[in-house]
Amino acid sequence: MNIGAAATASGFDINSMVNKIVEAERAPKEARINERRDNVDVSISAYGKLKGSLNDMKFMMADFRRNHDLSARTASSDNNDVLTAKASHEAIPGKYSVKIEQLAQSHKVVSGTFDEDKTMGAGKLAISLGGSKFDVDIPENESKIIDVVRQINRHPSNTGVMASVIKDDAGARLVLSADKSGEQNSIKVRVDAPVASTLQKFGFNPNNEVNMMSEMQVAKDAKVVIDGLATVTSDSNTIKDAIKGVDLNLVAMADSKGDSDAVIDVAYDRVAVGGAIEQFVNAYNQFFETSQQLAKFDPETQEKGPLVGDSIIRTVNNQLRSAFSSPIEGAPDTVKTLSELGVMTTMAGRLEIDYDLLDRQLEQNFSDVGEFFGSRNGFARRVEDLIHAHTGITGSIKGRQNSLSDQMMRLNTEQTNLNRRMEGVQKRTHDQFSAMDSAMGKMKGQLSSMMSMMP
């Protein structure tokens, strides 16, 4: 920072001299602050990497537990043209015959023809869908057929009745469609208008033998017969839990061969479960590699990681190894430890899979594998809780990160204070040089005066 112009009396560049003096005092102090700041930045980044690799494993365990990934089932249909299926972890393996007798469909009614340019007069339409109802007031000056359509569709209490206009050679027709299928979701329209009003042509009640509007499509429930015995109905074409843990999605009444039957095969999803176990092993090995890099020390090159000697890494590794080797209380006798599942810890500390043993367990004890991982106090919960103790908001890693953030704030304060002190040093030093320059100027003047008086 330049405070004033360079001196002229002494011939010295005061600003340059002051800056060099201030920089000589600032440099070592600022270098120490920057070095400590860099070290804190490196440590913050290192703990972030450690926390991220642990959380990857924690979130995976939470998903395994919540989604029952280690108890997955498959459900396949031999006739996808008429029926598809999806199974949850509760589905019981087996084959089930399903015959579709009727598909669910939504209600649709249509009016007679109108002149779309003529008004129909004032009145009220009480429209209901199933058990819900809303009233549409039709004002005199907004009673053309398109006005009626807009007021129905825009009504804030509309429960799912969609109005539209179709035109043919005879004129315009009002169409009302339910957005829900099923017999309970039929449309009714009660008209409150003068007897001679055109609005009377919108009245409809499926319980009446005579109506002003006619049905384009009858409201129907879906109906299937399972294993030739159980008849099941649904107001939609998705039938849930008629077969325990299985959702049936009805596609069509008949395929190209005229067949509305399908056989649903529910089975254990051994491929998905094996893949999930591989994901866990890979996630742990990724954490292990990360922790080794962060805590490494090479005695030959003296190269070391940012968290060398850190107690958290040692603690986490020891706790995870213990969790991997300790039996799960209450787990099935066939699978009480990770090694009995075929997942082993190597001498180097990584995990590896004995695929022969894993395949055998999935083939013979599939349900036990799911219980080992996903039960209330199973392996997934154990690992999740263990990691959360370190990565959670009150965990050990968060504590270190908070401490490092506090250090960074103190270093920033030190830098601010140093900058303030250096500004004072610069001003005082500049004032001193300026005073010296002024004195030298006076001395030169006095000397010049004395010289001029000499003969």
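A salt bridge here is a side-chain nitrogen of Lys or Arg within 4 Å of a carboxyl oxygen of Asp or Glu. The model is predicted, so local features need pLDDT of at least 70 and side-chain atom pairs pLDDT 80 or more, while totals for chains, interfaces and linings use all residues. Residues are numbered from 1 along each chain as its sequence is written, and side-chain values use heavy atoms, without hydrogens and water.

**View A. Salt bridge between aspartate 247 and lysine 240.** The N to O distance is 3.4 Å. Aspartate 247 is partly exposed because its relative accessible area is 25%, and lysine 240, at 60%, is exposed (buried is under 20%, exposed over 50%, partly exposed in between; 1.4 Å probe, protein chains only). The model has 15 salt bridges by this rule.

**View B. Salt bridge between glutamate 384 and arginine 65.** Nitrogen and oxygen are 3.0 Å apart. Glutamate 384 sits in helix H8 (residues 379-391) and arginine 65 in helix H1 (residues 14-67), 319 residues apart (helices are DSSP runs of H or I, at least four residues, and strands of E, at least two, numbered from the N terminus). Both residues are buried.

**View C. Open sheet of three strands, in the order S6-S5-S9.** The pairing is antiparallel (two strands pair if DSSP finds at least two bridges between them). Strands S6 (132-138) and S9 (187-192) are the edge strands, each pairing on one side only. Seven bridges join S5 (residues 123-129) to S6; in S6, valine 136 is the bridge partner of leucine 125.
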